[in-house]
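Morning, everyone. Let me put the model up, and then we'll go through confidence, packing and charges.

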Amino acid sequence: MFDLDQLLDDAKKSAEIPSDYALAKALDVTKQTVSAYRKGTAFPNDDHLADLATLAQRDPILTIAEARLSRSRKDSGRKAWKRIIAAVAATGANSSAFSSGLDNPLIEKGTGVLRNVVCILCKMAEPANLM
């Protein structure tokens, strides 16, 4: 299950960020926004989830999908997010590189540019895969 507090703590620890105030600066949000994340009165958008995942050395795609799954209110949404998570996990382009602290395999080293990759979400949306 997705735990936002744990993600915030992991991001701070992995990136050696000493406080929620410093984390807010790293995310380019206010301290009040991070406080609202912790209180559960606000939730990070996908950009901030991706940034937090990167700071925490987690797979951003899986992090966003797990966050969306945890917030889905209908069975249809939960089922869709579970399929997305399974598809991402099946690609092998997930957690091992992030959790071990290795470079992101989807980013060209030293450039910050996304490699040419096939979007598994796009592939899942093809008519043959929607059955």
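Where pLDDT is low, the predicted coordinates should not be read in detail.

Some ground rules. This is a predicted model, so local features need pLDDT of at least 70, side-chain atom pairs count only at pLDDT 80 or more, and totals for chains, interfaces and linings use all residues. Residues are numbered from 1 along each chain as its sequence is written, and side-chain values use heavy atoms, with hydrogens and water left out.

Now the chain as a whole. Mean pLDDT is 81, and 69% of residues reach 70 or more. Which elements have the lowest and the highest mean pLDDT? Helix α7 (residues 95-99) is lowest, at 45. Helix α3 (residues 31-39) is highest, at 98. Helices here are DSSP runs of H or I, at least four residues, and strands are runs of E, at least two, numbered from the N terminus.

Next, packing. In soluble globular proteins, nonpolar side chains tend to be buried together. A nonpolar core here is a set of buried Ala, Val, Leu, Ile, Met, Phe, Trp, Tyr and Cys residues joined through side-chain atoms within 4.5 Å. Buried means under 20% relative accessible area, exposed over 50%, partly exposed in between, with a 1.4 Å probe and protein chains only.

The largest core has 17 residues. F2, L4, L7, L8, L23, L49 and L52 have the most contacts inside it. Helices α1, α2 (20-27), α3, α4 and α5 each supply at least two residues of this core. α1 gives the most, with 4. Look at L23. Not counting residues up to four places away in sequence, L23 touches L8, A11, K12, I17, V34, L52 and L55. Apart from this core lies another, of 6 residues, among them L62, I84, I85 and V88.

On to charges. How many salt bridges does the structure hold? There are 7, each a side-chain nitrogen of Lys or Arg within 4 Å of a carboxyl oxygen of Asp or Glu.

Take R58 and D10, which meet at 2.5 Å, N to O. R58 lies in the loop between α4 (46-55) and α5 (60-71), and D10 in helix α1 (residues 4-14), so the pair ties together parts 48 residues apart in sequence. R58 is partly exposed at 23% relative accessibility, and D10 is partly exposed at 21%.

K12 bridges to D20, with the closest N and O atoms 3.1 Å apart. Buried or exposed? K12 is buried at 17%, and D20 is buried at 14%.

D75 and R78 form another bridge, at 2.4 Å. Both sit in helix α6 (residues 75-91), 3 residues apart, about one turn of the helix. D75 is exposed at 59%, while R78 is partly exposed at 27%. Elsewhere, salt bridges with shared partners join D5, D9, K12, D20 and R38 into one network.

Last item: the charged end of R71 sits over the ring of F43, 4.0 Å from its centre. The cut-offs for that are NZ of Lys or CZ of Arg within 6 Å of the ring centre and within 35 degrees of the ring normal.

Methods
pLDDT = per-residue confidence, 0-100. Contact = heavy atoms within 4.5 Å.
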